[in-house]
Amino acid sequence: MKERPSIALLIESSNSYARGLLRGIMSYIHEHHPWSIYLPEHGRGSVHVDWLKNWHGDGMIARIENSKIAAAVVNSGVPAVDVSAARLAPSLPWVETDDCAIANLAAEHLVERGFQHYAFCGDLRFNWSRWREEHFQKHIADAGFVCHVFPQKTKQKKDIPWEVEQRRLSEWIQQLPKPVGVMACYDIKAQQLLDACRTINASVPEEVAIIGVDNDEILCNLSEPPLSSIIPNTHQTGYEAAALLDRMISGQKVSSDAHLIKPLGIATRQSTDIQAIDDKNISEAVRFIRHHACDGINVQDLLKSVPLSRRVLESRFQKLIGRSPHEEIMRIRLDRVKQLLTETDLSLIQIAERTGFQHPEYLNVAFKKQTGTTPGKYRRDQEHAH
């Protein structure tokens, strides 16, 4: 083996999943020994592979997304590891996220929120979407519920124009029983669902709670409302692929069986941050709090938005949400405070103004009561964590 093996990475850098794979591969290299890396620039599935005929490298890690890439990688004759779910080169070792574990995590997350109705929105062009759909449906059925699935044509290969797709998604969401918990096969599809909900004025998460997959932080936080998402362990997936390739280059035999990596967990954001509520008045009260908590509202303001007495509101709210209306207002405010402390350099006075606290001293007391620490220490701890 050469001192510094020459490795080709046929992995796009245009999405968060693939960038996570690259970070994992980089970690393996840094922890073990250097590789000479060739990383051609391309989008997903659009890599040019003619150069492989004349390439004399030692190995490659590839997202094999079409038959042309599969043939070029296999025919190159060098050790290779596949990191795509398409499974177009079955003779190669294969490292992928565990789609069963991903689907089960999403299903548990929605079931815990008390929904009676569930749905899955996928993309039949991709194996990982079909597997997630299958496992999500099974988990929901095992829990005693029915899962509605977005209808698609199985042979559809090309992208549908967004206007057509949005209309179909909107019509589908419109006819789903509500409130409903929906798993989207990945964050891009989840964001499309959020757009469709906005088109038909379906309230998220009160009527339609949506969870995606990939935890693409930019996409999730640009969504309105911010999108909950399963966090795949892309770093470990890339790391494992590099470790397998290293063993192959050194002459060891590696099984072509699937090496499946479990997800890290869930990033819960506003799109699923709800208990399913069939009581329309309490659902309206929760919606009012979500939209106006940081405007400095109190329970008296809330009573103006629903036709209930204070005693009935407090009683029903506590029973359905597990918190009083005042506690829910404070929870929403303080969650926003945490976000501003983490993501901005705003002063405590500015944060207090933006989150409905009349004085920073009151914010300080409320924050310490909920978290056990001061806003200043919380901000410092978050900076160290990142």
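Two strands pair if DSSP finds at least two bridges between them; helices (H or I, at least four residues) and strands (E, at least two) are DSSP runs, numbered from the N terminus. This is a predicted model, in which local features need pLDDT of at least 70, side-chain atom pairs count only at pLDDT 80 or more, and totals for chains, interfaces and linings use all residues. Residues are numbered from 1 along each chain as its sequence is written, and side-chain values use heavy atoms, with hydrogens and water left out.

Start with the sheet. Strand 10 (residues 228-231) and strand 12 run antiparallel and are joined by three bridges.

Now show the whole open sheet: six strands in the order 7-6-8-9-10-12, with mixed pairing. Strand 7 (147-149) and strand 12 (265-267) are at the edges with a single partner strand each, so one side of each has no neighbour in the sheet. From one strand to the next the twist averages 25°.

Last, select helix 11 (residues 310-321) and helix 12 (residues 325-343), whose axes come within 9 Å and cross at roughly 60°. Among the residues making the contact are Phe317 of helix 11 and Pro325 of helix 12.

Terms used: Axes fitted to C-alpha atoms, helices over the stretch in contact; angles between N-to-C directions. Contact = heavy atoms within 4.5 Å.
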